[in-house]
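I opened the model to look up a few helices, a few loop residues and the ligand site. My entries follow in the order I made them.

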Amino acid sequence: MFLYSTNSPENLVSLKEAVLRGLPADNGLFMPKEIPALPASFFEKLDDMSFPEMAFEVSKCLINGAIPDEDLKEIIDLSMTFDSPVVDVTDDIGMLELFHGPTLAFKDFGARFMARLMGYFVKDDKEDLYILVATSGDTGGAVASGFYKTPRIKVIVLYPSGKVSFLQEKQLTTLGENITALEIEGDFDACQALVKQAFLDADVQGHLRLTSANSINIARLIPQMFYYFRAYQQLKAKGKKLVFCVPSGNLGNITAGLIAKRMGLPIHHFIAATNNNNGVALYLQTGDFPDKKTVPTISNAMDVSKPSNFVRMLDLYENDWEGMKADISGFYYTDEETRQAVKRVEEEQNYLLDPHGALGFLAMEAYQKANPDVYGVVLGTAHPSKFLDVVEPVINRKVEVPERLARLADKQKEAKLMGTDFDGFKGFLLGLD
Ligand SMILES: *Cc1c(COP(=O)(O)O)cnc(C)c1O
């Protein structure tokens, strides 16, 4: 497999280089040079395949020999340890539940696969690889959990003090081993600025081998294709056209779905649902991507105003708005509409949506008004118990927190408190070996 940068299509790199570098030097994003179509035999065998077997066939086809089959199989078997069931909510809408992993959000799929893949690429190296990740909540937990105890890899998570939820903080600060949490006395932007500066600092670069783990890494997109295939496997007997609605922030999730479609998965249409950070929805409606500041919402994992994977979408459609619009529709909703949807769907269908899934559900209903006779799959990107402060007041009852999250409450937090000036952070990094 070879990948190019969206800014310089003529320069090709290997999968290993793309994964370990994360970002190309020219500030583009890595894209696969070829997106091969899966053979007919794959679709004929689909009913008999387990989720990991299917994931293996899909990734094997895409990476085309970049890793020996046996090693790829092992990476998949170790990372794909939970299912993504489709749960019928109405007669023609189902939730694809992506929150059955260790940190209860779909980011577990990407983080676990990326961790195993990076671990594979560096396993024989002499030098440790340091992963710096700034988090506003969910990403850090998934990355920390995914890389936990991976040999040769150390993870440093920076999070804004007092600005992540109690259980999110526990997810970052109670693992120990190769995971170090830095509690930064500033906001998320300050955390991100420190990480960016570390990558630009010659002393740090000379001292540590660094990489990043945010959603621009191609290793996170590959496993995010798998659950689109898993949904199709569960739903094809319905004999209906399938439409996928993706609650969108940085657009990594929907980009993975678009690549799955290019590989031959019969997806009739996509919907990008957003909150009031609605650049992509407006682009799809009007052809213009507005330049707006990020506004905080109750679906905070989607509070992104400059989605990094948008350039990948443009690249897939060769900047053709008409072409993209034919495949993807955009809808956006306010916090109040989101709350109403959580309440209504709980009352009428006895299904509890989280705020992100609720936006997706609203968008799917709107699409189906004009386009009946399709089956709608909404990606359930997080478990509602991750957003108790939003959900409980709306439905007026307590929500049960799954054991794997609840048990963190009693664990001892370990984090290093740090200011926002770069010198302190740099000193910390230079003290590592
Ligand atoms: C990250 C996240 C999203 C947005 O996904 P993108 O791939 O960034 O578009 C949506 N919902 C939840 C719960 C998330 O954690």
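I started with helix H3, residues 51-63, and checked its length. At 1.5 Å a residue, its 13 residues should span 18 Å, and the end C-alpha atoms are 18 Å apart, so the two agree. The expected span is 1.5 Å times one less than the number of residues. Helices (H or I, at least four residues) and strands (E, at least two) are DSSP runs numbered from the N terminus.

Two notes on the source before going on. This is a predicted model, in which local features need pLDDT of at least 70, side-chain atom pairs count only at pLDDT 80 or more, and totals for chains, interfaces and linings use all residues. Residues are numbered from 1 along each chain as its sequence is written, and side-chain values use heavy atoms, with hydrogens and water left out.

Which residues of H3 are buried? I listed Phe51, Met54, Ala55, Phe56, Val58, Ser59, Cys61, Leu62 and Ile63. Buried means under 20% relative accessible area, exposed over 50%, and partly exposed in between (1.4 Å probe, protein chains only). An α-helix has 3.6 residues a turn, so residues three or four places apart point the same way. I then looked up what covers the buried residues of H3, and found among the elements helix H1 (15-21), helix H2 (40-45) and strand E3 (30-32). Helix H4 (69-79), helix H5 (107-122) and helix H10 (218-235) are also included in that cover. Contact here means heavy atoms within 4.5 Å.

Asparagine 64 counts as exposed because its relative accessible area is 59%. Leaving out residues up to four places away in sequence, asparagine 64 touches Met1 and Ser59. I also took the C-alpha separation of asparagine 64 and phenylalanine 2: 9.1 Å, for two residues 62 apart along the chain.

I moved to helix H6, residues 138-147. How many of its residues are buried? The count is 10 of the 10, so H6 is largely enclosed by the rest of the structure. Among the buried residues I noted Asp138, Thr139, Val143, Ser145 and Phe147. The cover of H6 includes H5, H7 and H10, together with strand E6 (129-134), strand E7 (153-160) and strand E8 (179-184). Just after H6, lysine 149 takes a positive phi of about 65°.

H7 covers residues 166-173, and phenylalanine 166 is found in it. Phenylalanine 166 counts as partly exposed because its relative accessibility is 49%. I checked phenylalanine 166 against arginine 404: they are 238 residues apart in sequence, and 14 Å apart in space, C-alpha to C-alpha.

Then aspartate 201, in the loop between helix H8 (188-200) and helix H9 (202-207). Is aspartate 201 buried or exposed? It counts as buried, because its relative accessibility is 14%. Its side chain reaches the backbone nitrogen of aspartate 203 at 3.0 Å, and makes a polar contact with the side chain of lysine 426 at 3.2 Å. A polar contact is a pair of N or O atoms within 3.5 Å; within protein, one must be able to donate a hydrogen and the other to accept it, and residues adjacent in sequence count only if both atoms are side-chain atoms. Leaving aside neighbours within four places in sequence, aspartate 201 is in contact with Phe422 and Lys426.

I also looked at the loop between helix H13 (310-316) and helix H14 (321-327), where glutamate 318 lies. Phi of glutamate 318 is near 50°, positive in a residue other than glycine. Asparagine 319 is found in the loop between H13 and H14, and has a positive phi of about 60° although it is not a glycine. Glutamate 318 is exposed, with a relative accessible area of 67%; asparagine 319 is exposed at 58%.

Last, the ligand. Of the 15 residues around it, Lys107, Gly249, Asn250, Leu251 and Thr381 come nearest; a residue is near if one of its heavy atoms lies within 4 Å. A polar side-chain atom of lysine 107 lies 2.5 Å from an oxygen atom of the ligand. For aspartate 138, a polar side-chain atom lies 3.3 Å from a ligand oxygen. A polar backbone atom of asparagine 250 is 2.7 Å from an oxygen atom of the ligand.
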